[in-house]
Amino acid sequence: MDLKQIRYFIALAETMSFTEAAKRLHITQPPLSRQIQALEASLGVTLIERESRPMQLTEAGRLFYEQMVPLLNRMEDIRKNTVSITGQYKRRLTVGFVPSVLYGALPMLIRNMKKTYPETELQFQEMTSMQQIEALKTGRIDVGFGRIKLYDASIVRQIVRRERLAVAMSNDHPLASTDTPLPLSALNNEKLLVYPSQPRPSFADHVINTLHDRRIELKSIMEVSCLQTALGLVAATEGLCIIPTMARIRQDIHYRQFEDDKLNSPIILSYRKNDSSWYIQGLKDSIVQTHQDNQLLFEPTSVDLIPNLLTEISKN
């Protein structure tokens with residue numbers, strides 16, 4: 001007994017005519033007759049009273065029909081739903097991102113993806129680097145763009161680019177008298193604003209650890225919720241703020257890059273280990289294409305080179 005035989009029998013039971021059933025099924029009568037006979041043989045019962053005029057179902061045939069119709073309808077619903085879901089996954093890419101990447105390469109990458117994959121629906125969820133790891137593991141997002149090097153054995157993390165760091169200051173700050181690159185030591189004894197305050201670890205920890213490693217002694221550190229708040233307080237002369245260079249979003253404050261181009265913030269692509277879905281390679285291809293198409297936009301705020309793209313981050 002197979003689905004074809006069941007469909008043939010239902011068509012015959014509903015038309016009570018081999019001729020009409022064959023027309024409905026777009027076949028000839030002989031294969032229809034053979035399939036009904038095979039179905040009866042597999043069940044060990046007679047379903048059709050062939051000698052009666054008009055043709056009738058046997059009692060076993062009526063019971064079989066009553067039970068098979070809802071079952072076949074249910075199986076068709078399952079098939080349609082499964083095909084529909086599969087199609088949605090093929091056409092949808094959910095991206096997690098930290099807000100600061102919107103000021104740099106991500107919008108260009110999104111445009112490139114839309115151009116290359118016009119049938120793909122892109123969805124976006126704002127979340128921290130740490131939140132992206134958990135969202136990847138639970139399937140809430142397909143890929144993530146963050147800035148913090150967080151290790152998880154089930155997640156692949158690759159550096160897309162490195163953005164040089166800059167310091168934001170009020171226009172009347174003593175360091176705002178020039179646009180020349182700034183030595184990190186100039187931050188000694190300064191008040192610093194870092195973001196975000198929660199959750200941790202975050203970009204704030206990246207900044208604090210960098211300063212600690214370079215033995216910079218600050219007057220104070222104030223933690224705030226987000227980049228916009230930090231820059232607002234910079235404009236109010238509450239302190240300095242270290243930011244990725246592309247995140248210069250306010251025009252009423254002054255910015256200076258650091259002299260050392262090793263002072264940078266990576267943009268990190270994260271995805272599930274062993275994920276072989278189409279969008280992983282598609283996204284990587286779009287990243288490389290975006291760099292090639294926009295080299296003037298990537299320099300001098302970026303310090304990466306095309307051959308070094310998508311370097312995988314090791315455990316250490």
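## Contacts of Ile-243

In this predicted model, Ile-243 makes contact (heavy atoms within 4.5 Å) with Arg-164, Leu-165, Ala-166, Tyr-195, Phe-203, Leu-227, Leu-231, Arg-248 and Tyr-255, when residues up to four places away in sequence are not counted.

## Nonpolar cores

Ile-243 is also one of the residues that touch the most other members of the largest nonpolar core, which has 32 residues, the others being Leu-187, Tyr-195, Leu-211, Ile-242 and Phe-258. Such a core is a set of buried Ala, Val, Leu, Ile, Met, Phe, Trp, Tyr and Cys residues joined through side-chain atoms within 4.5 Å, where buried means under 20% relative accessible area with a 1.4 Å probe and protein chains only. Two or more residues each come from E6, strand E7 (191–194), helix H7 (203–213), helix H8 (227–235), strand E9 (240–244) and strand E10 (253–257); helices (H or I, at least four residues) and strands (E, at least two) are DSSP runs numbered from the N terminus.

A second, separate core of 21 residues includes Phe-97, Val-160, Tyr-279 and Ile-287.

Val-156 lies in strand E6 (residues 155–170) and counts as buried because its relative accessibility is 10%. Its C-alpha atom is separated by 8.6 Å from that of Asn-274, 118 residues apart along the chain.

His-173, in the loop between E6 and E7, counts as buried at 17% relative accessibility. The side chain of His-173 reaches the backbone nitrogen of Leu-175 at 3.0 Å, while His-173 touches Glu-190 and Leu-240, not counting residues up to four places away in sequence.

## Basis of the values

Residues are numbered from 1 along each chain as its sequence is written, and side-chain values use heavy atoms, leaving out hydrogens and water. Because the model is predicted, local features need pLDDT of at least 70 and side-chain atom pairs count only at pLDDT 80 or more, whereas totals for chains, interfaces and linings use all residues.

Definitions and conventions: Buried < 20%, exposed > 50% of the residue type's maximum accessible area, 1.4 Å probe, protein only. Polar contact = N/O pair within 3.5 Å; in protein donor to acceptor, adjacent residues only side chain to side chain.
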